[in-house]
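Subject: Structure for you to look at

Hello,

Here is the structure I said I would pass on. Please open it beside this email and follow along.

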Amino acid sequence: MLLVYTHKISPRLKYVFKHICTRVLGIEVSFTTKIETFIAHDNLKMSYTRQPLANEFFIKSHDILFEQGLSDVDIHVHDWEDTKGFFYNGDKSVIPFDIFAASFYLLSRYEEYLPQVRDEFGRFLATESIAFKHNFLHQPVVDIWALKFKDALQNHFPDFSFPQRAYSIKPVIDVPSPYNYKLKGIIRSFGGSIRDLLRFKLKSLYDRFMVLFGLKHDPFDTFKYIINKQKQSKFKFVFFFLIGSYSTYDKGINPNKKKFISLIKQVADYSLVGLKTSFFAIDHQKILKKEKLQMEAIINTNLKASRQSHSKLNLPESYRNLIDLEIEEDYTMGYINHIGFRAGSCTPFLFYDLDYETQTPLKVHGYHLMDFALLKNKSLLDKKMALNQIINEVKRVNGEFVPVFHNYTFSDSNRWNGFKTLFNIILESANED
């Protein structure tokens, strides 16, 4: 166990030390403000305060972990060997940056509480983030810093044996609509046909009628293929089905359709199933509760995980609504059009509510790549390179890689040509030594 001496044990300090020490490095951590207790401890120990006590393992603390509320934090990002660092803490510290304060800033999504430009859906933009502006979005810096901290501890306590963790994957299959043409109802099918005609989309019109008359397979119905891939992998996929009402933002299938219910049940036999919350459920708990109860009735168990429509998050309200409804996990923390680590980590973390200054029970699984982000690369070779780069970043720290693919990504559409190969690369990355 690591004992940390500090001048004040704050909720922020306990939160970030437990993430880095326990969740990333696998060691227990405790805290003390008593010097005599610190001196008497004969195992791993360090001081985290303004000045060292003597010649102990010391990291100079930044004030952010002892504050409450938001303040105008002055951040200067510097190069640090093969990565970046901020909150420089001088020469007396064992490591040159306060990685705990910096990690808290990223994990708590401090910057997302501050005024900033948002897109048309009200989403926080990757280009507004400190990670994008200082070119470290592509690295899980919190995990990299944790390993640098571990190396420094190991040098100071050479007899201590740290546990090892292994690289893992958690593929997410996002299902905004399980079918492109089937189960849409007469009115929507007629409207779609008229729209195809007016836009001269004759192939789409042809495909629509072929599918509706049972002469062709629906292009979005790729579930047999995905389930076969699930059977070949030891890592559980997580499917998120949209069952909310039809709207401008969400165009799914009526959840009362028996074939749709049967599909969800079939998928739940092999993989984990969560709720893709509708766009209007993000800010309306009453709608969210209705959708949660509908999904629980289908899967016949408590809903464990959710993912927000269009990857929209309004912090802290979006997460508070999930917590109030006892949803345990969220898979929304990521960027649709940029590959990388929105919260700076590839280790699941608990949401810290900055307004209430408390650690919550909601576990956040940030996603690091969405299929749409790979479309920026024109050739399949470039897509493979981008994918392997992010996989290698996660492997480097033995983290959890979370990619988001959609059910239609596995269709025969020219737009998604080669994406089955890319998905196989992800699955195979977990089987390599």
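Below is what was found in it, from the whole chain down to single residues.

**The whole chain**

Keep in mind that this is a predicted model. The protein chain has 14 helices and 17 strands. A compact globule of 433 residues would have a radius of gyration near 22 Å, and the value of 24 Å for this chain agrees with that. The C-alpha trace spans about 80 × 45 × 40 Å along its principal axes.

Of the 433 residues, 58% count as buried. If you take the contacts with a separation of 6 or more, 73% of them are between residues 24 or more positions apart. The accessible surface comes to about 19800 Å², and carbon and sulfur atoms account for 51% of it. There are 57 positive and 48 negative side chains, and the centres of these two sets lie 9 Å apart.

**Helix 9**

Next, find helix 9, which covers residues 258-268. Which of its residues are buried? They are Phe260, Leu263, Ile264 and Val267. The face turned away from the buried side carries Lys258 and Lys259, which are exposed. The cover over the buried residues of helix 9 includes helix 8 (223-231) and helix 10 (285-299), together with strand 9 (238-242) and strand 10 (272-277).

Arginine 12 is in helix 1, residues 11-24. Is arginine 12 buried or exposed? Its relative accessibility is 1%, and buried means under 20%, so arginine 12 counts as buried. Leaving aside neighbours within four places in sequence, arginine 12 is in contact with a list of residues that includes Glu67, Gly69, Tyr110, Leu354 and Glu357. One of these, leucine 354, is 342 residues from arginine 12 in sequence, yet their C-alpha atoms are 9.1 Å apart.

Glycine 69 sits in the loop between strand 4 (58-60) and strand 5 (78-80). At 26% relative accessibility, glycine 69 counts as partly exposed. Residues up to four places away in sequence aside, glycine 69 touches Arg12, Tyr110 and Glu357. Glutamate 357 is 288 residues from glycine 69 along the chain, and their C-alpha atoms are separated by 7.5 Å. Tyr110 and Glu357 are both in contact with arginine 12 as well.

Last, look at the loop between strand 11 (305-308) and helix 11 (317-324), where proline 316 lies.

What kind of peptide bond joins leucine 315 and proline 316? The bond is cis, with omega about 5°.

Regards

Terms used
Residues numbered from 1 in each chain as written. Predicted model: local features only at pLDDT ≥ 70, side-chain atom pairs only at ≥ 80, totals over all residues. Heavy atoms only, no water. Helix = DSSP H or I, 4+ residues; strand = E, 2+ residues; numbered from the N terminus. Rg over C-alpha atoms; globule rule 2.2 N^0.38 Å. Buried < 20%, exposed > 50% of the residue type's maximum accessible area, 1.4 Å probe, protein only. Contact = heavy atoms within 4.5 Å. Areas by Shrake-Rupley, 256 points an atom, 1.4 Å probe, with all protein chains shown as cover. Lys, Arg positive; Asp, Glu negative; His and termini not counted. Charge placed at Lys NZ, Arg CZ, Asp CG, Glu CD.
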